[in-house]
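Visitor: Hi, could you walk me through this one? I'd like to start wherever you think is handy.

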Amino acid sequence: MITGTFQPFPADGAGALQPVEHCSTRWKRWKNKMVQFFKGNEAALMKAAGNNDVTTIRRILLDNPSSVPPNFRHGKKNRPPALKAAAHGNVEALSVLLGFGASAKDVMTISWWENELPLPIHGGFIFYHYIDPVRYYTPQIIKTLLEDHDADPNTPYGFADLPGPRLSEMTSLERLNMTSLINWDPDRTARLSLQFARDPRTDLNSAINFDRVLFFPWVSSSKLRLPAFPTPSALINLLGQAFLFKNTPLIEFLLNDDRVNPGLPIGSAENLIFIVNRNLMAGYHFNFLPALKAKLLSSREFFNALMLTDHVTTKRDFLNLFRLDPITRIYKYGRISPGPNMREVDRKIAELYPAFQSASGRATNH
């Protein structure tokens, strides 16, 4: 893309307006030519992606369509040129590379580094080569990526082949949400997560098993203390993740989107109630109570999970949630006595679900 000002310039005897390049643009292009001469096409393409020299990018890819594939990796960080353009916020360079066949999915989920980096896990060391780039992108970069036909917002991050049980995978949206609490700019991270959430292709009922999540150093922070979840498998759906990491804009969006079912995936409903109740008791998200209650009451999957659970604490938390007044932050009715009768608890829960009553008027029970 040529940048500069327009000045009169004689052309065919008339004073036509012609672009005049800035010195910095010509200097960048000259440096990229020198890199191409001394180091080759791949190095020059990487350099041009980093300094947004779209003219050089087009020239190299048009002149060398077979020898320089758009998804090659180069340099110490072993990354493709499209990822370098995205990392530098160069929207024009990224658009050109995507037009030549660069993979938007790779740019959203590929690592910056492919060198092995030691990370402490459970007192020992494993070697893992992954640092996620998406949280460093600008809103314009993410918009450009999502508009590409190759983009898939549900593509999980690829984890290395580590010994032991397979690690839980997460999407770009889940990764952004996870860093929203401890990121240096949580408002920016929350806005980026909303870009993925608003995409109609995004699965808003995904989940992460937090027993199998590889926490990176910036996530394993003193700001986050994961609780002991009530179920053996710590499966947390996206709504629960948003509450867990206090991503307020994402919570508001999910509670008002019809695609979200708080009872899905199966096995995540109990942990959702646990997280919400824990945050409410700490004073968070009281203004979301009306929308949250409406969302919970609209889900048959959530109701079935609640009725089938053997955890008395989960049912008690659910009833306490519905008795809590979001304005006064006090309970409207008395608390459930310790060691409640399960049949009585089930009856009270069923009363909250009039839409699930049978034709005879009796509440659905399991």
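**A chat about the model**

Guide: Just after H2, Asn-52 has a positive phi of about 65 degrees. Helices here are DSSP runs (H or I, at least four residues), numbered from the N terminus. This is a predicted model, where local features need pLDDT of at least 70 and side-chain atom pairs count only at pLDDT 80 or more, while totals for chains, interfaces and linings use all residues. Residues are numbered from 1 along each chain as its sequence is written, and side-chain values use heavy atoms, with hydrogens and water left out.

Visitor: Which ones are they in H2?

Guide: They are Ala-43, Ala-44, Leu-45, Met-46, Ala-48, Ala-49 and Gly-50.

Visitor: And which residues line the second largest pocket?

Guide: Its lining is made of Ala-43, Met-46, Lys-47, His-74, Gly-75, Lys-76, Lys-77, Arg-79 and Lys-84. H2 gives the largest share of that lining, 3 residues. On a 1 Å grid over the protein atoms alone, a pocket is an open set of points where a 1.4 Å probe fits, with protein on both sides within 12 Å along at least five of seven lines; lining residues have an atom within 4 Å of a point.

Visitor: What volume does the second largest pocket have, and what classes of residue are in its lining?

Guide: The volume is about 200 Å³, taken as the space filled by probe spheres set on the grid points, which are joined across faces, edges and corners. The lining has 2 nonpolar, 2 polar and 5 charged residues. Ala, Val, Leu, Ile, Met, Phe, Trp, Tyr, Cys and Pro count as nonpolar, Asp, Glu, Lys and Arg as charged, and the others, Gly among them, as polar.

Visitor: Switching topic: how many salt bridges does the structure hold?

Guide: It holds 7, each a side-chain nitrogen of Lys or Arg within 4 Å of a carboxyl oxygen of Asp or Glu. One of them pairs Arg-29 with Asp-53, with the closest N and O atoms 3.7 Å apart. Arg-29 lies in helix H1 (residues 23–39) and Asp-53 in the loop between H2 and helix H3 (54–63), so the pair ties together parts that are 24 residues apart in sequence.

Visitor: Are Arg-29 and Asp-53 buried or exposed?

Guide: Both Arg-29 and Asp-53 are buried.

Visitor: What about Arg-347 and Glu-344?

Guide: Their side chains form a salt bridge at 2.5 Å, N to O. The two are about one helical turn apart because they sit 3 residues from each other in helix H16 (residues 342–351). Salt bridges that share partners join Glu-344, Arg-347 and Glu-351 into one network.

Visitor: Last one: where is Glu-174?

Guide: Glu-174 is in helix H8 (residues 172–179). Glu-174 is buried, at 2% relative accessible area. Beyond its neighbours within four places in sequence, Glu-174 is in contact (heavy atoms within 4.5 Å) with Glu-169, Ser-206, Ala-207, Ile-208, Leu-238 and Gln-241.

Visitor: Which structural elements do the buried residues of H11 pack against?

Guide: They pack against H8, helix H9 (186–198), helix H10 (238–244) and helix H13 (289–297). Those buried H11 residues are Leu-250, Ile-251, Phe-253, Leu-254 and Leu-255.

Definitions and conventions. Buried < 20%, exposed > 50% of the residue type's maximum accessible area, 1.4 Å probe, protein only.
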